[in-house]
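Here is a short tour of a protein model, written to be read with the structure open beside you.

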Amino acid sequence: MAPSSARALRILALLLSLSSSAGFHLAAPSSHAPRRERRAGSISADASKRGELQVRLLGIGAAAPEKRVPNSELEELVDTSDEWIAQRTGISCRHLLAPEEGLSDLATSAVKDALEQAGVEAADVDLVIMATSSPDDLFGDAAGVARSVGATGAVAFDLTAACSGFLFGINTASQFLHNGAYETAVVIGADALSRWVDWSDRNTCVLFGDGAGAVVLQRAAEGEAAGVLGFEMHSNGAGREDLNLPYDGDTRELASIATVTTGKYTPIAMNGKEVYKFATTCVPKVLNEALENAELTVDDVDWLLMHQANIRIMETVAKKLKIPMDKVLTNLAEYGNTSAGSIPLALNEAVREGKVKKGDVIACAGFGAGLSWGSAILRWG
Ligand code: COA
């Protein structure tokens with residue numbers, strides 16, 4: 001095929017993809033089932049279109065800063081104790097970025113490892129999505145990371161959905177692969193919330209850590225098993241007051257021309273009890289929705305992988321779904337809540353330890369600020 005015809009086909013496929021997602025309708029363009037009635041506070045489309053996506057998850061990598069801070073060291077900063085933090089959250093330590101380190105450095109390292117494991121050349125990557133709420137550059141880190149790893153032919157952009165970001169990124173990239181717009185994608189989840197917590201607020205500062213992870217996805221060939229078996233996503237801006245990191249720029253007079261603001265954000269503010277209730281209510285539901293879309297049940301699930309926020313949230317969700325804790329993947333104790341980084345950080349460990357094997361079914365859920373929450377039933381390898 002002439003390069004110009006191939007390019008025209010790619011653009012047509014991309015336009016079809018964009019026109020379907022502009023109406024919050026993330027699905028393959030081939031299906032014509034009628035839309036289901038929209039539910040309040042959620043992004044909704046026909047359930048039949050949130051089933052299998054023809055992608056494969058081929059490789060994973062992750063990185064965390066070297067600086068490791070155990071709970072006991074936080075006792076120097078705020079009125080807390082290792083016992084309180086461990087019992088209420090399951091967190092024992094966290095890793096924190098040093099001033100000379102960038103989030104992009106972690107992301108770059110994670111992507112390199114993921115590409116190596118996948119056996120994919122950086123030059124063959126078409127799409128890079130970096131899910132983050134704490135980039136080095138507010139204009140976006142994805143393009144810089146793509147360049148650092150050598151994915152110079154890829155289109156790269158950031159996606160902000162707080163702790164749901166990685167999961168939303170997987171579901172977004174999978175649409176582009178499934179509908180044929182792109183062949184190979186990298187989805188990164190990376191955050192450095194140490195930059196944005198109030199280190200004098202014991203309600204929040206004990207929870208968060210820094211880290212990044214990345215997954216390489218490729219369009220599945222005809223007849224190959226699908227890697228996304230079903231998914232679901234929701235958001236509800238009414239819950240924004242329970243978890244936020246708002247802009248709060250200082251006022252500045254520009255002579256007599258105008259009054260503007262100079263950039264600044266206030267630290268993370270959270271109503272822990274409300275977020276806890278939200279997570280333990282919405283996460284089991286959204287996992288069941290994705291399982292239903294995949295036409296699977298919890299008996300088909302090999303592993304349950306949730307955003308690593310609090311072990312008690314994971315225990316409650318697992319109990320509600322009747323999934324035993326030995327099927328729950330977690331490394332929260334070591335890294336704390338790394339926001340968009342947490343799911344790939346935990347999955348990377350499980351894959352590299354040989355726990356998660358090719359063909360395993362992983363029920364995966366992200367949740368966090370927005371409020372936002374989503375799930376995907378993934379098949380590894
Ligand atoms: N060390 C010691 N005491 C602390 C503390 C800390 N780090 N943080 C709070 N406390 C105190 C509170 O001040 C309160 O004291 P009081 O009874 O004298 O008022 C007491 O511990 C109980 O606080 P409470 O907020 O009721 O605790 P909790 O059992 O709800 O646990 C969280 C608090 C934050 C661990 C829990 O609500 C949670 O995990 N929520 C979800 C948060 C989350 O996951 N956010 C990110 C989502 S992406």
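Which residues have the most contacts inside the largest nonpolar core? In this predicted model, they are Ala107, Val128, Ile129, Val186, Val187 and Ile188, and the core itself has 113 residues. The protein has 11 helices and 16 strands, and 50% of its 381 residues count as buried.

**The core and overall contacts**

- The largest share of the core, 9 residues, comes from helix H8.
- In soluble globular proteins, nonpolar side chains tend to be buried together.
- Among contacts in the protein with a separation of 6 or more, 75% link residues 24 or more positions apart.

**The sheet E1-E7-E6-E4-E5**

- This open sheet has 5 strands in the order E1-E7-E6-E4-E5, with mixed pairing.
- Strand E1 (55-63) and strand E5 (155-159) are at the edges; each has a single partner strand, so one side of each is left without a neighbour in the sheet.
- Direction ignored, neighbouring strands of this sheet are turned by 15 degrees against each other on average.
- Strand E4 (residues 127-131) pairs with E5 in the parallel sense over 5 bridges, and leucine 127 stands opposite valine 155 in E5.
- Helix H6 packs on this sheet, where it touches E1, E4, E5, E6 and E7, and its direction makes about 165 degrees with that of E6.
- Helix H4 (residues 103-118) lies across E1, E4, strand E6 (184-192) and strand E7 (210-219), and runs at about 135 degrees to E1.

**The sheet E8-E16-E15-E13-E14**

- Another open sheet of 5 strands, with mixed pairing, has the order E8-E16-E15-E13-E14.
- Its edge strands, strand E8 (228-235) and strand E14 (328-329), each pair on one side only.
- E8 and strand E16 (residues 372-379) run antiparallel and are joined by 7 bridges; methionine 233 stands opposite glycine 374 in E16.
- E15 and E16 also pair in the antiparallel sense, over 8 bridges, with valine 361 opposite arginine 379 in E16.
- The hairpin of E15 and E16 has 3 residues between the strands, and glycine 370 in the turn has a positive phi of about 140 degrees.
- Strand E13 (residues 303-306) pairs with E15 in the parallel sense over 4 bridges, and tryptophan 303 has isoleucine 362 in E15 as its bridge partner.
- E15 is mostly covered, with 7 of its 8 residues buried.
- Helix H6 (residues 165-178) lies across E8, strand E15 (361-368) and E16, running at about 60 degrees to E16.

- Strand E10 (residues 250-254) is hardly covered: of its 5 residues, the count of buried ones is 0.
- E10 and strand E11 (residues 258-262) run antiparallel and are joined by 5 bridges, with aspartate 250 opposite threonine 262 in E11.
- Between these two strands there are 3 residues, and alanine 255 in this hairpin takes a positive phi near 45 degrees.

- Why does proline 284 count as buried? It has 20 other C-beta atoms within 10 Å, and 20 or more is the cut-off for a buried residue.
- Proline 284 lies in helix H8 and, leaving aside its neighbours within four places in sequence, is in contact with Val317, Lys320 and Leu321.
- The C-alpha atoms of proline 284 and serine 375 are separated by 9.7 Å, although the two residues are 91 residues apart along the chain.

**Around the ligand**

- There are 18 residues around the ligand, and those that come nearest are Thr80, Gly272, Tyr276, Ala309 and Gly368.
- Helix H3 (82-89), helix H7 (202-205) and helix H8 (272-293) are the elements that give two or more residues to this shell.
- By type, the shell divides into 8 nonpolar, 7 polar and 3 charged residues.

Notes. Residues are numbered from 1 along each chain as its sequence is written. This is a predicted model: local features need pLDDT of at least 70, side-chain atom pairs count only at pLDDT 80 or more; totals for chains, interfaces and linings use all residues. A residue is buried if 20 or more other C-beta atoms lie within 10 Å of its own, exposed if 12 or fewer, and partly exposed in between; C-beta atoms are placed from the backbone. Two strands pair if DSSP finds at least two bridges between them. A residue is near a molecule or strand if its C-beta atom, placed from the backbone, lies within 6 Å of it. Ala, Val, Leu, Ile, Met, Phe, Trp, Tyr, Cys and Pro count as nonpolar, Asp, Glu, Lys and Arg as charged, and the others, Gly among them, as polar. Two residues are in contact if their C-beta atoms, placed from the backbone, lie within 7 Å. A nonpolar core is a set of buried Ala, Val, Leu, Ile, Met, Phe, Trp, Tyr and Cys residues joined through C-beta atoms within 7 Å. Axes are lines fitted to C-alpha atoms, for helices over the stretch in contact, and angles run from 0 to 180 degrees between N-to-C directions.
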